Amino acid sequence: VSKQMLEQVLRELQPLCTTEQQFIEKFFQLNPNAADLQVLEVSGRTLSSPVPLPKEPTTQLLCEIFSCLEPELRGFLDVCNKVHPFGCLQVLVTLNDSIFEMWGSSSALPSSFLNTVLGNMLLLAKSSFNRCIGTLCKEVEEAKLPSKMKGGILPSVSRFEEFVNFSEEVFRTAQRRGELDKAHLRLAGSVFSSINSLSSANLKVNTDMVMMENFHHIHCFLCQKKIHCLEGKKREAKQRYSEHMEKYVIKYLGQPLEKLHHFFEGVKARVAQGVREEEVSFQLAYSKQELRKVIEKYPGKEVKRALETLYRKIHKYLSPEENLLPVVWHAMEQEFLRQYQEFEDLIQRCYAGSGIAMDFTMEDLLSYFNSITLSN
């Protein structure tokens, strides 16, 4: 409603000011294109001499006649801005479009007086818009998470989506969108900062999981919106989503085979320090007997049970709306198989001929993952 009212006010201003300008120029014989020599009737005598006139006398007279116009317009714009939390966007677009339309469609150019007034209003609208974006960025960066936040989409991400959806609709038919593009980039930067500043102290779940989900959500949203100025942010969101998924997977995967993982990390460290592979088993902490003890802790049935527990845990905490469970679970399977292959290779290289082997094979692992996926 405020948009239509503002458009109507601006539409009616131009003919009003133009008519008044034409009357003034005709009545007072003020021709803006005439030379400085003016022939005027002064006190019943005709003077043919240069008469010093005020600079742009038409504009000066219009300023006096319409002296209340600018203050009234300022007040009206203020009301329009307050109608909606993002009302300043609508005001900016309407002013911008009306000024362009005025200049483009009118055979007679608007008066310099009206140009000045509308120019001032446009500056005011831009200032209000920038203030609104600044406040929004601050809100996003300083947003405190709900005390019981267990994961899912963060309030700052939802706020970003809300703004982008609304602003894109408002600017859909706008003549110019430079101001909006700058605002999108500024706000996206604030949202990324707010996600990056998450710490485990704020959350009751794995931080990498929450960051993975939120960057994934932003990436999908930006793919859908196809906003040119945010292409770089879309690529960055995809990269960050992949990074945090990798961290999340690796962090959680240490758990099902935790002791084996630590044992072989120690083996790799010794080799890196210069111990020959065939001599690792002579080190007390990494002897064949110690390896057998660790392997005994992981019979196939226990490994399958640990994977089932892990699946349930991931299922519990991942937010259903992002539907990342199949993706994460597949990534976990790939990493688990890679880890298993690495353990096998280290046994072959550092404990050759010992006959030591894990209680489960690669085929067993594939069947564990397959049965868990099919049964859920």
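Q: How many salt bridges does the structure hold?
A: The structure holds 18 salt bridges. Keep in mind that this is a predicted model.

Q: OK, let's take Arg-159. Which residue in helix H5 does Arg-159 pair with?
A: That would be Glu-139, with the closest N and O atoms 3.5 Å apart. The pair links distant parts of the chain: Arg-159 sits in helix H6 (residues 155-170) and Glu-139 in helix H5 (residues 112-142), 20 residues apart.

Q: And what does Arg-159 do within helix H6?
A: Arg-159 also forms a salt bridge with Glu-162, where the closest N and O atoms are 3.1 Å apart. Both residues lie in H6, three residues apart, which is about one turn of the helix.

Q: Is Arg-159 buried, exposed or partly exposed?
A: Partly exposed, with a relative accessible area of 26%. Glu-139 is partly exposed too, at 41%, and Glu-162 is partly exposed at 42%.

Q: Switching to Lys-234: which residue does its side chain meet in a salt bridge?
A: Glu-231, at 3.3 Å from N to O. The two are three residues apart in helix H9 (residues 231-253), so about one helical turn separates Lys-234 from Glu-231.

Q: What about accessibility for Lys-234, buried or exposed?
A: Buried: Lys-234 has a relative accessible area of 18%, and the cut-off for buried is under 20%.

Q: Which residues do salt bridges with shared partners join into one network?
A: Glu-265, Lys-268, Glu-335, Arg-338 and Glu-342 are joined into one network that way.

Q: New topic, helix packing. What are the angle and axis distance for H12 and H14?
A: Helix H12 (residues 300-317) packs with helix H14 (residues 362-374) at an angle of about 35 degrees, and their axes are 10 Å apart.

Q: Is that crossing left-handed or right-handed?
A: H12 passes H14 in a right-handed crossing.

Q: Which residues meet there?
A: From H12 you have Gly-300, Lys-301, Val-303, Lys-304, Leu-307, Glu-308 and Tyr-311. On the H14 side they meet Leu-365, Tyr-368, Phe-369, Ser-371 and Ile-372.

Q: How do the contact residues divide into nonpolar, polar and charged?
A: Seven are nonpolar, two polar and three charged in the contact of H12 with H14.

Q: Last topic, backbone angles. What's phi at Lys-226?
A: Phi of Lys-226 is near 55 degrees, a positive value in a residue other than glycine.

Q: Where is Lys-226 found, and how exposed is it?
A: Lys-226 is in the loop between helix H8 (207-225) and H9. Its relative accessible area is 68%, so Lys-226 counts as exposed.

Q: What about phi at Asn-323?
A: Asn-323 has a positive phi of about 55 degrees, although it is not a glycine.

Q: And where does Asn-323 sit, and is it buried or exposed?
A: Asn-323 is found in the loop between H12 and helix H13 (325-350). At 54% relative accessibility, Asn-323 counts as exposed, the cut-off for exposed being over 50%.

How values were computed: Residues numbered from 1 in each chain as written. Predicted model: local features only at pLDDT ≥ 70, side-chain atom pairs only at ≥ 80, totals over all residues. Heavy atoms only, no water. Salt bridge = Lys/Arg side-chain N within 4 Å of Asp/Glu carboxyl O. Helix = DSSP H or I, 4+ residues; strand = E, 2+ residues; numbered from the N terminus. Buried < 20%, exposed > 50% of the residue type's maximum accessible area, 1.4 Å probe, protein only. Axes fitted to C-alpha atoms, helices over the stretch in contact; angles between N-to-C directions. Left-handed = near helix turned anticlockwise from the far one by under 90°. Contact = heavy atoms within 4.5 Å. Nonpolar A, V, L, I, M, F, W, Y, C, P; charged D, E, K, R; others polar.
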